Every structure is written in C-alpha cells, then in structure tokens.
Amino acid sequence: MIQLFNVTKSYRKDSVALKDLSLEIGKGEFVYVAGASGAGKTTLLRMLYAAEKPSRGQILIDGQNITRIGRQKIPYLRRKIGVVFQDYKLLNSRSVYENVAFALEAQGKKRYEVSKKVYQALKEVGLEHRLNRTPLELSGGEQQRIAIARALVVDPLILLADEPSGNLDQAVATEIMGLFRRANARGTTVVLATHDPGLYKRFPRRLISLDGGQVVSDYRPDTV
Amino acid sequence: MLDKMRYFIMRALRNMRQWPFLCAASVLTMAVALTMVATFFLVVVNVEQLTQRWSKDLQVVVYLDRAPAPSALTQMVSSIREMAEVAQVIHVTPAEAMAQFRQRLGENAALLQGVDNDILPGSLEIALHAQYQQRDGMDQLLARLKTVAAGHDIHYGQDWLERFESFVSVLRLTGLALGGFLLFAALFIVSNTIRLTFYARRDELEIMALVGATERFIKTPFLLEGALQGLFGGLLALLALTLIFKGILVEIVHSLWVTPAAFSLLFLNGHQQLILVFGGVLLGVFGSLTSLKKLIQI
C-alpha cells in the first residue's frame, strides 16, 4: 500500500529531515512510526499525504507514484487518505456535524449521502448525540474523536495519525486507540506516529523507529 | 451540478454572515473606490457636455466700430449671407444694442440713465448652419469675413474656447490617469481586504485542502463571495453617487449658473449604471482571485 524508495528530504543544505529512507507498508497493516522529536515522523507523514515532496527518492501510494503527480491530482490522492493531528484541526465555529460533513462536501458528495455517512461515522466514535455542539463545547478526547470521524467518514484506504493521543490522558488515549484498531480491523491501513512508548507497549503492532531521519529498527511482534 | 451550485452559494453566504465586519469592510472599500471613479467620470462627462454646448452656440459677431453707409452695409450683409456657412445675419443697430443691454441689466437699468443711445457700436450677428458650428474650418470663414468686413472687429470667442478645450483635454487625460490609478488602488485595497478575510479563515482553507477538496471547489465559494460583495459595493456606490449628484453637484451648478434651467447636469444612463454595478462584481472577483492565488497551496 505504501512504498518508499531511498527517500531523502532536506530543507537546507545542512539540515536533513529524512535520509535515504526505504520501507514498505502492506495493505491493512497497523504501523507505529516512533522516534523522539525531530526524528522525522511528521515529515514522513506529510510526504505521504503530499503536503511535501521528497528532495530525492520515490513514494508509491496504492501503486501511484506520488512524487510525480501534478498539483491537480493531489486532492484525489488525499481522498484515499484520512489524516488525524495532535491538535485536531477542527473548525471551532462549525458544529460537530458540519466538521465531519466538510470532508464529504469537499469531495462533492450528495446531501443525502453526506447526512447518512456523517451520522454513521459519528455513531462509530460515539458522538452521534452531540451533532449540534461546537468543538469548543467538548472535551479534548471528544474533539479528537470528531477528527477521527472526519478522517474515517470518507472510507480511506490509509489512515495517518500524527501524535493523535499527544494531548490526551491515558484513558482517553486508550479509547482513541480502540477507534484506530477498529478502522484497521475493517481493512484500513493505519500509520500512527508517536513518541509515547506506552502506546505501542499496550497495543503492540509493527514498530518502525526513526532517529535523525533514518530507520533504526523495524520491529514486528510475533503475536500480530 | 445544481446541488453543487447551491452548496457554493450557501457557503459564500454563510462565510459573509460569519465574518460580518470583514465583509462590510470589503463592501465599503469597493463602494468608496467605485464612487470616486464614477464621480470623477460624471465631472468629466458634464464638462465635456458643457464644451460641446458652447461650441454649438458658436456665433460670429462683426462689431461695426464706424457705422458704414447704408448701401455699404447692405452690400456687406448680402455678401455675408451668400457664404455657405452662414444661416442668418442680423443687423443690430446701436440703439437696439443699448435696448438689449438695458434689458439684461434688469433692475439695474437705471444705471444707464443719461447715457447716449448710440454709445454702443452696431453689429452684425452671424448665425452659422449647424454643420459649421465647430472650430474646424472657422479660420477660412474668418479670413473671408475679414475681406468683406475690412476694418471692423470680428469676434467669435475663439481664444477662450480654445483654452477651455485644452482644459477639457487635460481634464480628460487626468481623468483617465486618475481613474486608472483609482481602479488599480481599489483593486489593491480590495484584494488586501479580502486577503484579510482569508487569513481569518486559513484553517478552513487548510482543512479543505487536507480532506481532498480540489482547488476549484475551494476557490468557487470565495469568488462568489467576492462577486456578491462587489455587487453590494457597486449598488452602494450607485446610491452614494446619486446622493452626491443630487445633493452636491446639482447644487453647486445651480449656485454658480445664472440660468440653471439652461444647463441640466448629466447623470449615468441605465447602461452606465449597469457597468458601475458590474464593475463592482468584477472588482470583487479579481480581488478574491489575486488573494486566493497567493493563499491556496494544495
């Protein structure tokens, strides 16, 4: 599903965010990308949803070389990918419903389809009773659940999450992880960047560790 | 398609409702800019109208400093009448000139008490055919008149008309330059005001790009919003222009003009009013477009 070949990303001559990175993530896999701040986790994720282009190397998503696609095709790539951020990135002036519907409206889906899918997605994350609230009226955990609903409502092939539980306590983080695991169980490939070792110890999955923009280990637990 | 259009319009209207202050700032900026340009246009158009009017009233007057003998006068009048440009020749005697002067003074006619009736010179007022009421070709006519009415003063207000026409040319050029500059400044201000509204909504733009919205999908509601703001700005400018015209321009002309009824100011005709409003729409769309180009990076 995701293939990286000798990917290097540098912002300045003396600053390399990713260095000659090659890896492959299969369809339906659940992968942690771990590493300290500045290890290159966010840069890697940003390149996967084409927010940045690599300085060198190739990236293939679902067989499509995204380092060569034009700007006009990027939106269509992103429709295959759901993204969840640490700071949720919600529209605070819009209702919960509108925030989730936004992703479908942006893809030009019909109104009846939008309302049906939004309700299903919010039910999935347990927020169907808060449709008309605004994000600021909800807790951090609930806000992250809206963000996850927004990412999942489009039935993405890949779900990218950048420190999704970074601002949440352990109990809420566990709930959030449950949502990712359920999405993964339905076939969505999940790539979750985190610097929290507790997270992958509690829910062991394939763990790619980055340091200084390079893969230092690629661990696959036997139980998975 | 209709569903999408409806969605775009709803979003544009919602954005405007959501940011009423910024929306009002954009509308007002466009209204002020358009009003300034349109007011200047009105001034130029009316001054041009005035010049054309004055050109049409062009009349040549031959002042008979020394009264010619009746036979010489008859000969002179018939020679002038034969000229192709001339429609009518009226002989005004010194007494008639004095009577006209007295009439013009109205209540102050008493000032002329004791003044001789023949103190003013007699004259020949030469009216021209409509097609010759212009300065072109006037020199040739004057040259012929000078031979017929040799030794008499010939006037047709050439000097001031020429000066006035040069003034109008300068005014027209200034109008073009200033109008262009004002429009450019308006576009710049509108573009920046609209950009401010976009900055306030950059999260929305970022999230839209993130969830797979195409550039067209992101831009269309903003362009519609710009067009709507431009429409309101244009209508507001038309209203302001009407008020300026009726409340200021007409009043100024009436206070300056001795006979206001003789000269009515021109306002924008229906076609020009449409252009003004449509100009607002274009200004809004271009303002949005230039801002969006810099802001949206998918």
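In strand 4 of chain B, which residue is the bridge partner of Val61(B)?

Modeller: The bridge partner of Val61(B) in strand 4 of chain B is His155(B). Before going on, note that this is a predicted model, in which local features need pLDDT of at least 70, side-chain atom pairs count only at pLDDT 80 or more, and totals for chains, interfaces and linings use all residues. Residues are numbered from 1 along each chain as its sequence is written, chains are lettered from A and ligands numbered from 1 in the order in which they are written, and side-chain values use heavy atoms, with hydrogens and water left out.

The strands come from DSSP: runs of E with at least two residues are strands, runs of H or I with at least four residues are helices, and both are numbered from the N terminus. Two strands count as paired if DSSP finds at least two bridges between them. Strand 1 and strand 4 of chain B are joined by three bridges and run antiparallel.

Strand 1 (residues 59–64) of chain B pairs with strand 3 (residues 122–128) of chain B in the antiparallel sense, over six bridges. In strand 3 of chain B, Glu125(B) stands opposite Val61(B), and Ala127(B) is the bridge partner of Gln59(B).

Now the whole sheet. It is open, has four strands with antiparallel pairing, and its order in chain B is 2-3-1-4. Strand 2 (86–92) and strand 4 (153–155) of chain B are at the edges with a single partner strand each, so one side of each has no neighbour in the sheet. From one strand to the next, the twist averages 20 degrees. (Axes are lines fitted to C-alpha atoms, for helices over the stretch in contact, and angles run from 0 to 180 degrees between N-to-C directions.)

Two helices pack on this sheet. Helix 3 (residues 70–81) of chain B touches strand 1, strand 2 and strand 3 of chain B, and its direction makes about 160 degrees with that of strand 2 of chain B. Contact here means heavy atoms within 4.5 Å. Helix 4 (residues 94–105) of chain B touches strand 2 and strand 3 of chain B, and its direction makes about 90 degrees with that of strand 2 of chain B.

The domain assignment of chain B gives domain 1 (2–54 + 161–295) and domain 2 (59–155); such bounds come from an automatic or database assignment. The C-alpha centres of domain 1 and domain 2 of chain B lie 52 Å apart.

Strand 6 of chain A and strand 7 (residues 158–162) of chain A run parallel and are joined by five bridges. Val83(A) stands opposite Leu160(A) in strand 7 of chain A.

Helix 3 (residues 96–106) of chain A and helix 5 (residues 140–152) of chain A pack at an angle of about 30 degrees, with their axes 7 Å apart. That makes the two helices roughly parallel; the cut-offs are under 35 degrees for roughly parallel, over 145 for roughly antiparallel, 65 to 115 for roughly perpendicular, and oblique for the rest. Helix 3 of chain A makes this contact through Val96(A), Asn99(A), Val100(A) and Ala103(A), and helix 5 of chain A through Ile146(A), Ala149(A) and Arg150(A). By class, the contact of helix 3 with helix 5 of chain A has five nonpolar, one polar and one charged residues. (Ala, Val, Leu, Ile, Met, Phe, Trp, Tyr, Cys and Pro count as nonpolar, Asp, Glu, Lys and Arg as charged, and the others, Gly among them, as polar.)

Helix 5 of chain A also meets helix 6 (residues 170–185) of chain A: their axes come within 10 Å and cross at roughly 10 degrees. Helix 5 and helix 6 of chain A are therefore roughly parallel to each other.
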